[in-house]
Amino acid sequence: MVEIAPPKSLSTFQLQLRRFRSNRLAMLSVAVLALIIFACFFGPYFFPFTGEDADFDYINAPIDFGSAHWFGTDDFGRDLLVRVLEGGRVSLTIGFLGAATAGFIGVLYGAVAGYAGGRADRLMMRAVEVLYGFPYVILVILLSLLFGGGNAALFAAIVFTLWLTPAVIVRAQAQSLARREFVEAARAGGMTARQIVLEHIVPNCISVVIVYGSLLVPEVILSESFLSFLGIGIKEPQASWGNLIQSGTSAMGTDLRLLLLPGTLLALVLFCLNFIADGLRDAFDPNDR
């Protein structure tokens, strides 16, 4: 008689991954976002020119899929499609790296504050509240001036202002975890506070961090685009979606094409990231099993 093996039980993460995959809108968003990322990072290499090369024979050329410039050129003869793809590479890099860095800082800060409790927690969270009190744009402008401008200064300024919310969220989660039995057992077993934070508190906050991190990426991308739109972010001739949209708005009365291409790609990325965040929130929701 052949014995039938019992079905293998799935881990919590596998169940959450299955729930996420069952969300068709979220999976479609993942596919579209992956396509845009691939196009931005590898697409410019398929062209014989860069986004900063000027073609003086094609100044303000219109859309023409039969020419070398499929979506035409701008006022300086630079290929619009290549500039948008290169600008997307800058905006997406700042978005994902900025979100990861801000999330990392916020998770560690919040986990330490929540686990420590008492006076240390109060002092650490008062510092967060003080930073929250500064107007966001003014603080970013001051930090950009302090760091001397440039891409690194913009990145540092955005990260410095966006780690606060992850810290508050993780701190609340860490306060709850610090009173759980497995943390008490680890403490009784001789583990140091550093080991408990890194091996127990932070890993058990991962689901919250993943969900909020998916919301943090579009926030960083929008921050970069907004600051570049104001002229205090990425500078010409380097392209980003923010300064391309700023250039497009100044010419929207005569050539709407300059605004539509970067604006459409930015909107698509933001929609995809928000749908992915909704899917992750549903998949990791502890009240919906």
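In the predicted model, helix 3 (residues 80-116) and helix 6 (residues 151-162) pack with their axes 9 Å apart and at an angle of about 40°, and the two helices are therefore oblique to each other. The crossing in which helix 3 passes helix 6 is right-handed.

The loop between helix 2 (24-42) and helix 3 contains Arg-78. With a relative accessible area of 9%, Arg-78 is classed as buried, because this value is under 20%. When neighbours within four places in sequence are left aside, the contacts of Arg-78 are with Gly-51, Glu-52, Asp-53, Ala-54, Gly-72, Thr-73, Arg-83, Glu-236 and Pro-237.

In soluble globular proteins, nonpolar side chains tend to be buried together. The largest nonpolar core of the model has 59 residues, and Trp-241 and Val-269 are those with the most contacts inside it. Helix 12 (residues 257-283) gives the most to this core, supplying 12 residues. Apart from neighbours within four places in sequence, Val-269 is in contact with Trp-241 as well as with Leu-33, Ile-36, Leu-92 and Ile-221.

Technical notes. Residues are numbered from 1 along each chain as its sequence is written. This is a predicted model: local features need pLDDT of at least 70, side-chain atom pairs count only at pLDDT 80 or more; totals for chains, interfaces and linings use all residues. Side-chain values use heavy atoms; hydrogens and water are left out. Axes are lines fitted to C-alpha atoms, for helices over the stretch in contact, and angles run from 0 to 180 degrees between N-to-C directions. Helices (H or I, at least four residues) and strands (E, at least two) are DSSP runs, numbered from the N terminus. Angles under 35 degrees count as roughly parallel, over 145 as roughly antiparallel, 65 to 115 as roughly perpendicular and the rest as oblique. A crossing is left-handed if the near helix is turned anticlockwise from the far one by less than a right angle, and right-handed if clockwise. Buried means under 20% relative accessible area, exposed over 50%, partly exposed in between (1.4 Å probe, protein chains only). Contact means heavy atoms within 4.5 Å. A nonpolar core is a set of buried Ala, Val, Leu, Ile, Met, Phe, Trp, Tyr and Cys residues joined through side-chain atoms within 4.5 Å.
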